[in-house]
Amino acid sequence: MIVDPALLQVFADPFPNGLSRYVVGGLLVGLGATVIYVGTGIAAGASTFLESTLSYVSDQSRFKRYVASRGWRLVFTFGIVLGAALFAATVQSGLITTSLYQSGSTGRLYELGGVTLWLTEVQPWRLFLGGILVGIGTRVGKGCTSGHGVCGVGSASKTSIAGVITFLLVAIVTAQVVAALGVSP
């Protein structure tokens, strides 16, 4: 089968650093969601994991429905945070090199006591505001992009498909407006 090089370029343009990092990431997310579903029968969604973690500090009834399974959900939530921290401390800082990521291509590298650390260039208030908006969105959307996007679309849920289309359209429009306004991190 011969593929038109112009067609390949159309798919390559949105990914100037190559597709491999996205393919590897997607496979790992899919594997994780599969392991959780096969092991527990529960679709993996980060907002549900957050709700179960909040059941430790809140008496609200919506957080209490996950009390029976919150132990492993807490480990999952901790794993997300720890995984991101380890990636920043090793790969993003340049301690470990990989063809999937070019060290220093995002954020800034800092030297602290002989250790190279990576920090985002996004201002803290933007991270905070973004987190609040994402939290509101997951409540309004009855779940998050991981639950709807990975598990819901994978199981052909009409609600999830509609949710993912909405997420993507809002993200595309927001990115275009932000770029048109010249806003940078």
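Me: What angle do helix H3 and helix H5 make where they pack, and how far apart are their axes?
Reply: In this predicted model, helix H3 (residues 46-54) and helix H5 (residues 70-92) pack at about 115°, and their axes lie 9 Å apart. Those are the two values by which a pair of packed helices is described.

Me: Which hand does the crossing of H3 and H5 have, left or right?
Reply: The crossing of H3 and H5 is left-handed.

Me: What makes the contact between these two helices?
Reply: Contact means heavy atoms within 4.5 Å. On the H3 side, Thr 48, Phe 49, Leu 50, Ser 52 and Thr 53 take part, and on the H5 side Arg 70, Trp 72, Arg 73, Leu 74, Phe 76 and Thr 77. Together they divide into 5 nonpolar, 4 polar and 2 charged residues. Arg counts as charged, so Arg 70 and Arg 73 of H5 belong to the charged group.

Me: Why are Trp 125, Phe 128, Leu 129, Ile 132, Leu 133, Ile 136 and Val 140 called a nonpolar patch?
Reply: A patch takes residues with over 30% relative accessible area and no salt bridge, with nonpolar side chains joined within 5 Å. These residues form such a patch on the surface, with about 780 Å² of accessible area together. One of them, Ile 136, sits in helix H6 (residues 124-140).

Me: How many helices and strands does the protein chain have?
Reply: There are 8 helices and 2 strands.

Notes: Residues are numbered from 1 along each chain as its sequence is written. This is a predicted model: local features need pLDDT of at least 70, side-chain atom pairs count only at pLDDT 80 or more; totals for chains, interfaces and linings use all residues. Side-chain values use heavy atoms; hydrogens and water are left out. Axes are lines fitted to C-alpha atoms, for helices over the stretch in contact, and angles run from 0 to 180 degrees between N-to-C directions. Helices (H or I, at least four residues) and strands (E, at least two) are DSSP runs, numbered from the N terminus. A crossing is left-handed if the near helix is turned anticlockwise from the far one by less than a right angle, and right-handed if clockwise. Patches are made of residues with over 30% relative accessible area and no salt bridge: like charges are joined within 9 Å, nonpolar side chains (Val, Leu, Ile, Met, Phe, Trp, Tyr) within 5 Å. Accessible areas come from the Shrake-Rupley method with a 1.4 Å probe; for residues, only the protein chains shown count as cover. A salt bridge is a side-chain nitrogen of Lys or Arg within 4 Å of a carboxyl oxygen of Asp or Glu.
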